[in-house]
Amino acid sequence: MQDKIRKILKEHGRLAVDAATLTETSDLYQSGMTSHASVNVMLALEGEFDVEFPDNMLKRSVFESIASITSAINQLKN
Amino acid sequence: MRSLTSSQLVEQARIIGSSTAAAFADQVDSDARFPSESVAELKKHHLLSCYVPKELGGQGATLTELAFMCEELGKHCGATAMVFAMHQIQVACLVHHSLSDKFFSNYLAELTKNEHLIGSVTSEVGVGGDMRSSICAVEMNGGEFTLNKNSTTTSYGAQADDLLVTARTSSSAPSSDQSLVLLRKSQFTMEQVGNWNPMGMRGTGSAPFKLSGRGPISQIMASPFATISSQSMVPVSHLLWAATWVGNAAASMSRVKGFVKQQARSKPGTLPPTALRMAELAPSVQLLRTSYRHLLAEYEDIIQDESRHEELSTVGYAVRMNNLKLAGSQMIVDIANKALQICGVLGYKNDSKFAMGRILRDSHAAALMVGNDRILNTNANMLMILKGE
């Protein structure tokens with residue numbers, strides 16, 4: 001799952017660093033992801049993992065790292 | 001809804017608005033100069049620091065009180081109301097995000113004595129109007145930072161005592177990784193690099209400036225600007241701006257009522273045709289007022305409950321606060337325009353007591369200060385992912 005998330009971050013996150021170099025807990029916002037880019041990441045994640053993030057999960061802390069995104073998707077899958 | 005009819009703070013703002021601000025509003029507008037008399041009165045009554053908590057020597061005002069004060073000032077002088085609102089937005093950022101920090105709690109305690117006016121330097125040449133993006137960076141050197149910034153607009157930049165400035169957290173940080181940095185009067189130089197001769201809001205002195213500053217690193221706020229922006233700067237801005245627009249709308253309505261009453265007196269017993277137009281306008285003013293006050297009450301509830309602060313960082317909340325700016329800034333122009341139509345030539349004449357010129361010109365700033373198209377773009381993006389409306 002994390003490889004797919006990295007691929008989405010690389011394509012849509014507009015990061016200032018290479019997504020391959022991110023650790024699980026690297027702060028994506030500090031790595032250059034803007035609020036605007038984060039919405040594109042959310043859309044791509046919904047498509048890739050066939051989930052829908054409910055509105056109460058559409059907040060900064062859920063999308064701040066690969067680990068937090070993984071945990072959110074797992075929560076929705078189960 | 002909180003009842004504030006007895007608030008002394010709002011009453012003080014009402015008096016300053018109806019006396020000093022009203023007396024100088026036309027001169028401030030025609031000369032495009034800072035409303036120094038009104039701001040001096042606000043300082044004299046310790047109203048610039050009224051949002052500082054009582055424990056630090058302030059008056060512990062609520063945001064609702066600040067908003068009602070903006071309404072009162074906005075009834076008489078749009079520039080005074082906007083300067084007051086913009087200053088309080090800075091104070092709210094400090095109070096909400098840095099009370100536990102020793103330097104900033106001391107700073108706020110000092111504010112209650114020196115009544116400094118705090119300016120905001122968030123705009124920057126080269127970032128295309130995006131407040132959440134900076135070129136300017138804090139450069140660390142030992143325990144000190146330096147920063148240099150070219151702003152496109154810094155309201156009352158020439159009069160501000162202290163400044164809150166956005167800057168990248170370091171010279172290697174991406175443009176969206178920003179801090180909010182305080183600069184005190186002795187720590188910066190501001191050179192005005194352009195004129196300020198706008199259509200309305202002429203007293204706000206929102207010219208471009210070239211800023212250079214340095215200070216100890218304790219003056220860099222610990223919370224990331226991303227958090228300060230979404231939880232305080234943006235919502236408080238939209239709420240207090242809307243409050244000033246309600247003041248502007250009330251001023252329009254008051255001219256309309258005066259005009260219609262004058263017509264009615266000239267032909268006792270008959271309802272002048274303009275009376276229906278007046279009755280048509282009243283619901284718009286009411287709608288503008290209630291829509292912002294509803295969001296204001298909700299924000300007050302959330303900000304007082306720390307476990308709910310994250311709600312302010314959700315996409316849904318950001319969309320709703322932006323909706324207030326989008327809708328309110330259009331309503332206010334419509335209200336002022338209709339008021340002009342009702343008052344007719346007497347509204348069109350600048351030297352008439354029903355003059356609508358300044359009010360109408362001021363109202364147009366609402367859609368431009370943070371351009372509505374930028375906000376529409378942001379909302380369009382966020383609505384793609386939001387499930388509710």
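What is the volume of the second largest pocket? In this predicted model, the second largest pocket has a volume of about 380 Å³. The tour begins there.

**Stop 1: the second largest pocket**

Select B:Asp26, B:Arg255, B:Ala355, B:Arg358 and B:Ile359, which lie nearest the centre of this pocket among its 27 lining residues. Helix 1, helix 6 (225-266) and helix 9 of chain B each give two or more residues to the lining. The largest share, 6 residues, comes from helix 9 of chain B. Coloured by class, the lining shows 9 nonpolar, 10 polar and 8 charged residues.

**Stop 2**

Keep B:Arg358 and B:Asp26 selected and display their side chains. The two residues form a salt bridge, with the closest N and O atoms 3.0 Å apart. B:Arg358 belongs to helix 9 of chain B and B:Asp26 to helix 1 of chain B, so the pair ties together parts that are 332 residues apart in sequence. B:Arg358 counts as buried because its relative accessibility is 14%, and the cut-off for buried is under 20%.

Next, select B:Arg361 and B:Asp29, whose side chains meet in a salt bridge at 2.7 Å, N to O. This pair also links distant parts of the chain, with B:Arg361 in helix 9 and B:Asp29 in helix 1 of chain B, 332 residues apart. B:Asp29 is buried at 10% relative accessibility, whereas B:Arg361 is partly exposed at 25%.

**Stop 3: the cavity**

Leave B:Asp29 and B:Arg358 on display, for both also line the largest cavity. The whole structure holds 1 cavity of 30 Å³ or more, and the space in the largest cavity is about 40 Å³. Helix 1 (8-31), helix 4 (78-98) and helix 9 (357-363) of chain B each supply at least two lining residues. Helix 1 of chain B gives the most, with 3 residues. The lining divides into 5 nonpolar, 2 polar and 4 charged residues.

**Stop 4: a buried serine**

Move to B:Ser179, in strand 5 (residues 178-183) of chain B. Is this residue buried or exposed? B:Ser179 is buried, with a relative accessible area of 8%. Beyond its neighbours within four places in sequence, B:Ser179 is in contact with residues including B:Val165, B:Thr169, B:Ile220 and B:Phe225.

**Stop 5: where the chains meet**

Show both chains together. The contact takes 20 residues from chain A and 17 residues from chain B. About 1600 Å² of area is buried between the chains, and carbon and sulfur atoms give 57% of it. Select A:Asp55, A:Leu58 and A:Arg60, which supply 32% of the area that chain A buries against chain B, more than any other three residues. There are 2 salt bridges between the chains. To view a salt bridge, select B:Glu310 and A:Lys59, whose side chains meet at 3.2 Å, N to O.

**Stop 6: inside chain A**

Finally, select A:Ile73 in helix 3 (residues 66-77) of chain A. A:Ile73 is buried, with a relative accessible area of 0%. Leaving out residues up to four places away in sequence, A:Ile73 touches A:Met1, A:Ile5, A:Leu45, A:Phe49 and A:Phe53.

Then select A:Glu48 and A:Lys4, whose side chains meet in a salt bridge at 3.7 Å, N to O. A:Glu48 lies in helix 2 (residues 35-49) and A:Lys4 in helix 1 (residues 2-12) of chain A, so the pair ties together parts that are 44 residues apart in sequence. A:Glu48 is partly exposed at 39% relative accessibility, and A:Lys4 is partly exposed at 44%.

Conventions
Residues are numbered from 1 along each chain as its sequence is written. Chains are lettered from A and ligands numbered from 1 in the order in which they are written. This is a predicted model: local features need pLDDT of at least 70, side-chain atom pairs count only at pLDDT 80 or more; totals for chains, interfaces and linings use all residues. Side-chain values use heavy atoms; hydrogens and water are left out. On a 1 Å grid over the protein atoms alone, a cavity is a set of points where a 1.4 Å probe fits but cannot get out, and a pocket is an open set with protein on both sides within 12 Å along at least five of seven lines; lining residues have an atom within 4 Å of a point. Grid points are joined across faces, edges and corners, and a volume is the space filled by probe spheres set on the points. Helices (H or I, at least four residues) and strands (E, at least two) are DSSP runs, numbered from the N terminus. Ala, Val, Leu, Ile, Met, Phe, Trp, Tyr, Cys and Pro count as nonpolar, Asp, Glu, Lys and Arg as charged, and the others, Gly among them, as polar. Buried means under 20% relative accessible area, exposed over 50%, partly exposed in between (1.4 Å probe, protein chains only). Contact means heavy atoms within 4.5 Å. Buried area is the accessible area (1.4 Å probe) that two parts lose on being put together, summed over both. A salt bridge is a side-chain nitrogen of Lys or Arg within 4 Å of a carboxyl oxygen of Asp or Glu.
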